[in-house]
Amino acid sequence: MQPGFRYLPGHLGADQQRQLVETLRLAVAEAPLFTPVMPRTGRPFTVRMTNLGTLGWVSDRDGYRYQSTHPETGKAWSPIPDTLLGLWRAVSGYPHDPEACLVNVYKGGAKMGLHRDEDEEEFTAPVLSVSLGDMAVFRMGGPERGGKTETLKLSSGDVVVMGGASRLCYHGIDRVLPGTSTLLKDGGRINLTLRRVTKP
Ligand code: MD3
Ligand code: FE
């Protein structure tokens with residue numbers, strides 16, 4: 001894997017995972033999941049999303065961007081819960097708090113194609129990912145599209161920190177493996193990514 005990539009398997013225990021899922025249920029009640037569409041084509045993502053924090057990532061026909069309000073309700077996103085802020089402060093190595101927590105929900109055959117996270121202004125901050133629910137096949141490449149890639153299975157409770165050179169590398173989710181976790185009653189997977197968007 002690339003320098004700056006840190007894999008913390010099982011970093012969150014079962015109780016912390018259950019507590020996070022409960023917090024997310026409340027957050028989703030305030031800021032419902034939406035289906036983003038690709039810029040220009042309007043092709044829907046297979047992943048549904050919402051956000052927590054002062055800024056949230058959205059994608060629609062006009063493009064990708066961060067904004068302070070939910071695209072459908074127009075309301076501000078709920079705050080990032082203290083447990084996630086504590087996790088960021090403990091493992092990010094970055095001296096300012098995250099502004100965005102993107103919540104990706106994978107049901108059925110949902111997946112995420114190879115892409116780079118480059119809509120932020122602050123690339124010296126890592127992206128921190130938390131996996132919940134069914135296992136996923138995560139694919140990680142290098143800084144150029146078309147380069148060599150490798151895969152890693154991400155399980156519920158795993159934390160990944162993408163800092164340094166890994167921060168701008170291509171990555172995606174090939175597939176979710178059904179029936180590999182009992183955390184979510186209806187199955188599927190939730191991924192949280194904490195991000196610093198603006199330069200402090
Ligand atoms: C490597 N999410 O939301 S998390 C995304 O599991 C995203 O839902 C995936 O890619 C998911 O943008 C993967 C792991 C991850 C997140 C950000 C990265 C890996 C990364 C940024 C740079 C390099
Ligand atoms: Fe990404």
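Author: What follows is a short talk about a few residues in this predicted model.

Reader: Which residues gather in a patch of positive charge on the surface?
Author: The patch is formed by Arg25, Arg48, Lys107 and Lys185.

Reader: Where does arginine 48 lie?
Author: Arginine 48 is part of strand S2, which covers residues 48-53.

Reader: And what is the relative accessible area of arginine 48?
Author: The value is 33%, so arginine 48 counts as partly exposed.

Reader: New topic. Where is glycine 157 found?
Author: Glycine 157 sits in the loop that links strand S9 (150-154) to strand S10 (159-162).

Reader: Is glycine 157 buried or exposed?
Author: Buried, because the relative accessible area of glycine 157 is 0%, and the cut-off for buried is under 20%.

Reader: What is glycine 157 in contact with, leaving aside neighbours within four places in sequence?
Author: The contacts of glycine 157 are then Leu8, Gly10, His11, Leu12, Gln17 and Ser131.

Reader: How many Å separate the C-alpha atoms of glycine 157 and serine 129?
Author: They are 10.0 Å apart, while along the chain glycine 157 and serine 129 are 28 residues apart.

Reader: Last one, glutamine 67. Which strand is glutamine 67 in?
Author: Glutamine 67 belongs to strand S4, residues 63-67.

Reader: Why does glutamine 67 count as buried?
Author: Because its relative accessibility is 18%, and buried means under 20%.

Reader: What does glutamine 67 touch, not counting residues up to four places away in sequence?
Author: Glutamine 67 touches Thr54, Leu55, Gly56, Val58 and Trp77.

Methods. Residues are numbered from 1 along each chain as its sequence is written. Chains are lettered from A and ligands numbered from 1 in the order in which they are written. This is a predicted model: local features need pLDDT of at least 70, side-chain atom pairs count only at pLDDT 80 or more; totals for chains, interfaces and linings use all residues. Side-chain values use heavy atoms; hydrogens and water are left out. Patches are made of residues with over 30% relative accessible area and no salt bridge: like charges are joined within 9 Å, nonpolar side chains (Val, Leu, Ile, Met, Phe, Trp, Tyr) within 5 Å. Accessible areas come from the Shrake-Rupley method with a 1.4 Å probe; for residues, only the protein chains shown count as cover. A salt bridge is a side-chain nitrogen of Lys or Arg within 4 Å of a carboxyl oxygen of Asp or Glu. Lys and Arg count as positive and Asp and Glu as negative; His and the chain ends are not counted. The place of a charge is taken as NZ of Lys, CZ of Arg, CG of Asp or CD of Glu. Helices (H or I, at least four residues) and strands (E, at least two) are DSSP runs, numbered from the N terminus. Buried means under 20% relative accessible area, exposed over 50%, partly exposed in between (1.4 Å probe, protein chains only). Contact means heavy atoms within 4.5 Å.
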